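Hello,

Here is the structure I promised to pass on to you. Have a look at it first, and then read on for what turned up in it.

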Amino acid sequence: MTAPASRIYCSVDTTEIESARRIAGQVAGAVGGIKLGLEFFIAQGPAGVRAVVGEDGPPLFLDLKLHDIPNTVAGGVRAALPLKPAFMTIHSAGGPAMMRAAAETAATAGADRPKILAVTVLTSLDEGDLDAVGQSVPVAEQVVRLAKLAKASGVDGVVCSPAEVALVRAACGPDFILMVPGIRPAWAATNDQKRFMTPAEALAAGADHLVIGRPITADADPAAAARRIVAEIEASSGGTA
Ligand SMILES: O=C(O)c1cc(=O)[nH]c(=O)n1[C@@H]1O[C@H](COP(=O)(O)O)[C@@H](O)[C@H]1O
């Protein structure tokens, strides 16, 4: 698998096991891992996750965006450990104690532990949305603030939009994992994403991983769409991404 392909997590946002298995099979080898989130997990639970990624399946990003009191989030992380996800999400807005509880609980899994990523500001939000919820600060400022708090709280990285990657990288250093959704090839519809860039732009800005869903999964041929995205990344970076 090429370097760019291994950086991509394909978000498989469906409620159906067969649909998820089909997409996971189609993109196997063309992406580095699979993201399963709220829609799938609420419908199918841990058994559904096992049915899609199994014991020897692709790396799993279990995206539940846990946001509760520390004890409850610790319990949520603990309950997910048997699935051996490579990554899990929590919401940085849950505060430092919650983030630390998630990181410390993940650490109990030892070598198989999931890396905990804190969601900063959802890529579906812009300045006006933040203002509407009483956070009247520039988006980038809020993202960097939350990323620094997440790092200080012991989590492994953050989820942020491509627009903030360079700022977060500068603030949090080279080893802090940046998992970046809001990825749209020039030919893809933007849907509900408000802060987005192309895959190549996101990687050039310093993203470690790209989260890509509908540009791949809504295509008639998801594998071909994934390969097209990888080809575009390689073409723009001379294949070194
Ligand atoms: O945590 C996430 O993965 C996430 C955070 C965020 O700010 N924005 C965001 O889109 N995501 C997820 O990334 C995926 C993006 O899907 P597409 O818009 O179809 O590429 C979805 O599964 C979202 O849940």
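This is a predicted model: local features need pLDDT of at least 70, side-chain atom pairs count only at pLDDT 80 or more; totals for chains, interfaces and linings use all residues.

**What was found**

Serine 11 counts as buried because its relative accessibility is 6%, and the cut-off for buried is under 20%. Leaving aside residues up to four places away in sequence, serine 11 is in contact with Lys35, Val211, Ile212, Gly213 and Thr217. Glycine 45 is 34 residues from serine 11 along the chain, and their C-alpha atoms are separated by 16 Å.

Next, the largest pocket. The space in it comes to about 610 Å³. Its lining is made up of 27 residues, and those nearest the centre are Asp13, Lys35, Asp63, Lys65 and Gln193. Sorted by class, the lining has 10 nonpolar, nine polar and eight charged residues. At least two lining residues come from each of β2 (33–37), α3 (38–53), β3 (60–66) and β8 (209–212). Which element gives the most to the lining? That is β3, with three residues.

In soluble globular proteins, nonpolar side chains tend to be buried together. The largest nonpolar core here has 62 residues, and Val77, Ile90, Val155, Val168 and Ile216 touch the most other members. Helix α7 provides the largest share of this core, six residues. Apart from this core lies another, of nine residues, including Tyr9, Val119, Ile177 and Val211. As for valine 77, it touches Leu66, Met88, Ala102, Thr105, Ala106 and Ile116, again not counting residues up to four places away in sequence.

Helix α7 itself deserves a visit. It runs over residues 139–152, and its 14 residues should span 20 Å at 1.5 Å a residue; the end C-alpha atoms are 20 Å apart, so the two values agree. Which residues of α7 are buried? They are Val139, Gln142, Val143, Val144, Leu146, Ala147 and Ala150. After α7 comes glycine 154, with a positive phi near 90 degrees.

I hope you enjoy exploring it.

Best wishes

Technical notes: Residues are numbered from 1 along each chain as its sequence is written. Side-chain values use heavy atoms; hydrogens and water are left out. Helices (H or I, at least four residues) and strands (E, at least two) are DSSP runs, numbered from the N terminus. The expected span of a helix is 1.5 Å times one less than its number of residues. Buried means under 20% relative accessible area, exposed over 50%, partly exposed in between (1.4 Å probe, protein chains only). On a 1 Å grid over the protein atoms alone, a cavity is a set of points where a 1.4 Å probe fits but cannot get out, and a pocket is an open set with protein on both sides within 12 Å along at least five of seven lines; lining residues have an atom within 4 Å of a point. Grid points are joined across faces, edges and corners, and a volume is the space filled by probe spheres set on the points. Ala, Val, Leu, Ile, Met, Phe, Trp, Tyr, Cys and Pro count as nonpolar, Asp, Glu, Lys and Arg as charged, and the others, Gly among them, as polar. A nonpolar core is a set of buried Ala, Val, Leu, Ile, Met, Phe, Trp, Tyr and Cys residues joined through side-chain atoms within 4.5 Å. Contact means heavy atoms within 4.5 Å.
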